[in-house]
Amino acid sequence: MSHMINIPIDDIAVDGPGLVFVVYPEAFVTMPVSPLWAVLFFIMLLFLGLDSEFAMVEVMVTSLLDANQGWLLKYLKRKEFVVLGVCVVAFMLGIPNVTQIIMVFVIIDFEPVRYGTYQYPEWGQGLGWVIAFASLIWIPVGVIHTLLTLKGSFHEVHSPYPVE
């Protein structure tokens, strides 16, 4: 590949996402039946990621059950619910890693809005924050309202078995 595009090998041999999403696809184009190799490669990456995820979840579940089996199984009843809980918590903790719309990070990294060299006035930026929060505030408000208006305790409502 270095010889074909006349670039030194040091400039091509990168690691990380550049290797997977730039260099390998360029190499597949030069192979016979290149679409087949490209599809097989990306399916392999998908399975590699899933396998890593299964291993991480199993380590967490095993550690939690070894340390707190009696307490966890008393409330969750089955190992599958512990796995579900670990997956939900990992998902929630992973959201800030894959999105840039979490308000906490937006606030921390806040820079005044600009259009070219023009900086919008503070009242305009404040209006933007009000509009953003107006759509997001209903999520925690809805959760709090639901929890306050439920009949019975939280445990009674979410228990898979009737409470005696």
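**Exercise 1. Order of elements**

Solution. 
Step 1. Counted by type, the chain has nine helices and two strands.

**Exercise 2. Confidence**

Task: State the mean pLDDT of the chain, and find which element has the lowest mean value and which the highest.

Solution. 
Step 1. The mean pLDDT of the chain is 81, and 84% of the residues reach 70 or more.
Step 2. Among the elements, helix H9 (residues 154-158) has the lowest mean, 67.
Step 3. Helix H4 (residues 34-76) has the highest mean, 88.
Step 4. A caution applies to reading such models: where pLDDT is low, predicted coordinates should not be read in detail.

**Exercise 3. Burial and surface**

Task: State what percentage of the residues count as buried and how much accessible surface the chain has.

Solution. 
Step 1. The chain has 164 residues, and 9% of them count as buried.
Step 2. Its accessible surface comes to about 13,600 Å². Carbon and sulfur atoms account for 71% of this surface.
Step 3. Contacts give a further view of the fold. Of those between residues at least 6 apart in sequence, 24% join residues at least 24 apart.

**Exercise 4. The largest nonpolar core**

Task: List the residues of the largest nonpolar core and say which element gives the largest share.

Solution. 
Step 1. The core has six residues: Val 57, Val 61, Leu 65, Leu 72, Val 82 and Val 86.
Step 2. The elements that each give two or more residues to this core are H4 and H5.
Step 3. H4 supplies the largest share, four residues.
Step 4. Take Leu 65 as an example from the core. With neighbours up to four places away in sequence set aside, Leu 65 is in contact with Leu 72, Leu 73, Lys 79 and Val 82.

**Exercise 5. Salt bridges**

Task: Find how many salt bridges the structure has, and name the residues in each.

Solution. 
Step 1. The general idea is that side chains of opposite charge can pair when their charged atoms come close.
Step 2. A search of the whole structure finds two salt bridges.
Step 3. In one of them, the side chains of Lys 79 and Glu 58 meet at 3.5 Å, N to O. Lys 79 lies in helix H5 and Glu 58 in helix H4, so this pair ties together parts that are 21 residues apart in sequence.
Step 4. Both partners are partly exposed: Lys 79 has a relative accessible area of 39%, and Glu 58 has 36%.
Step 5. The other salt bridge joins Glu 80 and Arg 78, with the closest N and O atoms 3.4 Å apart. Glu 80 is partly exposed at 49% relative accessible area, and Arg 78 is partly exposed at 46%.

**Exercise 6. The nonpolar surface patch**

Task: Name the residues of the nonpolar surface patch, and say which element gives the most to the patch.

Solution. 
Step 1. The patch covers about 830 Å² and is made by Trp 71, Tyr 75, Leu 76, Phe 81, Leu 84, Val 88, Phe 91 and Met 92.
Step 2. The elements giving two or more residues to the patch are H4 and helix H5 (79-98).
Step 3. H5 gives the most, with five residues. Met 92 is placed in H5.

**Exercise 7. A buried phenylalanine**

Task: Decide whether Phe 41 is buried or exposed, and list what Phe 41 touches.

Solution. 
Step 1. Phe 41 lies in helix H4.
Step 2. Its relative accessible area is 12%. Buried means under 20%, so Phe 41 is buried.
Step 3. Not counting residues up to four places away in sequence, Phe 41 touches Val 20, Tyr 24 and Phe 28.
Step 4. Phe 41 and Val 20 are 21 residues apart in sequence, and their C-alpha atoms are 9.5 Å apart in space.

**Exercise 8. Positive phi angles**

Task: For Val 33 and Lys 77, state what phi is and where each residue is found.

Solution. 
Step 1. Val 33 is not a glycine, yet it has a positive phi of about 55 degrees. Val 33 is found in the loop between helix H3 (17-29) and H4.
Step 2. With a relative accessible area of 54%, Val 33 is exposed.
Step 3. Lys 77, also a residue other than glycine, has a positive phi near 70 degrees. The place of Lys 77 is the loop between H4 and H5.
Step 4. At 39% relative accessibility, Lys 77 counts as partly exposed.

Methods: Residues are numbered from 1 along each chain as its sequence is written. This is a predicted model: local features need pLDDT of at least 70, side-chain atom pairs count only at pLDDT 80 or more; totals for chains, interfaces and linings use all residues. Side-chain values use heavy atoms; hydrogens and water are left out. Buried means under 20% relative accessible area, exposed over 50%, partly exposed in between (1.4 Å probe, protein chains only). Contact means heavy atoms within 4.5 Å. Accessible areas come from the Shrake-Rupley method with a 1.4 Å probe; for residues, only the protein chains shown count as cover. pLDDT is the predictor's confidence in each residue, from 0 to 100. Patches are made of residues with over 30% relative accessible area and no salt bridge: like charges are joined within 9 Å, nonpolar side chains (Val, Leu, Ile, Met, Phe, Trp, Tyr) within 5 Å. A salt bridge is a side-chain nitrogen of Lys or Arg within 4 Å of a carboxyl oxygen of Asp or Glu. A nonpolar core is a set of buried Ala, Val, Leu, Ile, Met, Phe, Trp, Tyr and Cys residues joined through side-chain atoms within 4.5 Å.
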